Amino acid sequence: MSKKKKKVRWIKHYNSAQKILLVGEGDFSFSACLARAFGSGRNMVATSLHSKRLLAEKHWSSEEHLEELESLGCLVLHKVNVHKMSYHHTLKHMEFDVVVFNFPHAGHVSGYTEKDEELIEMHKDLLRGFFKSARGMLVKEGGEVHVTHRDDYPYNKWELEVLGAESGFCLKERVRFEKGDYPGLLAEKHWSSEEHLVELESLGCLVLHKVNVHKMSYHHTLKHMEFDVVVFNFPHAGHVSGYTEKNEELIEMHKDLLRGFFKSARGMLVEEGGEVHVTHRDDYPYNKWELEVLGAESGFSLQEKVRFEKRDYPGYHNKRGGDSSCNKTFPLGFECFTLKFSVRTENVLEISCNRIRSMTLN
Ligand SMILES: C[S@@+](CC[C@H](N)C(=O)[O-])C[C@H]1O[C@@H](n2cnc3c(N)ncnc32)[C@H](O)[C@@H]1O
């Protein structure tokens, strides 16, 4: 009896019959997406430069993708440096139909921008090392190297074609990268976050993930702190298929988010002069959220309403949120304001009275 042939499953350029090596993975969401589409990861090796521990710190979302990859039989390797991957103790015994490096980036250097020649040279060097190593890791016939990259200035200064040519590669095809082709690219939600996180870290800012405004006042770290200002820019409870922003149900969801935020923030402010700032569009249907009323429910009163100008915050990009186009910006219109709330005076008095009362009782 003839053996039943296994169906080859495809996603975009990739299929389950290819031997695929992925390098420089971030949170492994791309690898997980391919393995999911193939129904198996046995034809893939997914790698990152970082150790598993560092990865968990840098990319909190990596955990679920690593679990998924493991369950689908994908070989995952950490600490794989593209400069020397062809000598790697496991990889040196393997060969691949495709070697993939998505959005290569050699890292950030404080004081430099992506336009600086020195940084561009660092990126080019990374790509040179990658092409050189990948050259010896491909099957003899039809092997390919795929690099996904921004092709606008200053990224086009990297001259990928030239770098590839230096290692004997020629450009076969150039296909527009569409995130929508790879369902579930969660890490890619905000691909631009990586450079900002690095910068924040280097500047000593405490960055916390998985902070839900509904329960932030109980957060294990935040509960020990108090703030002069708590800021929530463009709050949005998410999108629901079939609903527009005008739908009462969606408006109620947004209001609920704000209610939770105000309620939690109330207990996180310094005793005197603490403020809550919410930046929000104030045209229809966003003005239906009635921020002032929601603030008042938690004892806040509106102190000031200042027109929000994006140019006041160089480098800031307001983001959509949601899934497919969450990293995209959205129009701010002309009715965008920062609303500054503080605790209502009578409440401050009430708190002080209560404190005095409890002191005299003790
Ligand atoms: C902009 S991120 C892209 C991450 C991921 N490929 C993606 O598309 O989401 C650049 C990646 O290049 C990796 N990288 C930088 N230098 C590397 C090296 N020498 N070897 C392997 N990966 C490297 C970083 O660890 C980082 O994950």
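Two residues are taken to be in contact if their C-beta atoms, placed from the backbone, lie within 7 Å. In this predicted model, leucine 21 is in contact, once its neighbours within four places in sequence are set aside, with Val45, Phe96, Val99, Val100 and Met137. Leu21 is also one of the residues with the most contacts inside the largest nonpolar core, a group of 40 residues in which Ile20 and Val99 share that standing. Two or more residues are given to this core by each of β3, α1, β4, α3 (62–71), β6, α4 (117–135), β7 and α5 (160–166), and the largest share, six residues, comes from α1. In soluble globular proteins, nonpolar side chains tend to be buried together.

The strands named above belong to an open sheet of five strands, which pair in parallel and follow the order β5-β4-β3-β6-β7. Because β5 (75–77) and β7 (144–148) stand at the edges, each with a single partner strand, one side of each is left without a neighbour in the sheet. From one strand to the next, the twist averages 15°. At one end of the order, β4 (residues 44–47) runs parallel to β5 and is joined to that strand by three bridges, with alanine 46 standing opposite valine 76 in β5. Helix α1 (residues 29–38) packs on the sheet, where it touches β3 (20–23), β4 and β6 (98–102), and the direction of this helix makes about 165° with that of β4.

Notes. Residues are numbered from 1 along each chain as its sequence is written. This is a predicted model: local features need pLDDT of at least 70, side-chain atom pairs count only at pLDDT 80 or more; totals for chains, interfaces and linings use all residues. Two strands pair if DSSP finds at least two bridges between them. Helices (H or I, at least four residues) and strands (E, at least two) are DSSP runs, numbered from the N terminus. Axes are lines fitted to C-alpha atoms, for helices over the stretch in contact, and angles run from 0 to 180 degrees between N-to-C directions. A nonpolar core is a set of buried Ala, Val, Leu, Ile, Met, Phe, Trp, Tyr and Cys residues joined through C-beta atoms within 7 Å. A residue is buried if 20 or more other C-beta atoms lie within 10 Å of its own, exposed if 12 or fewer, and partly exposed in between; C-beta atoms are placed from the backbone.
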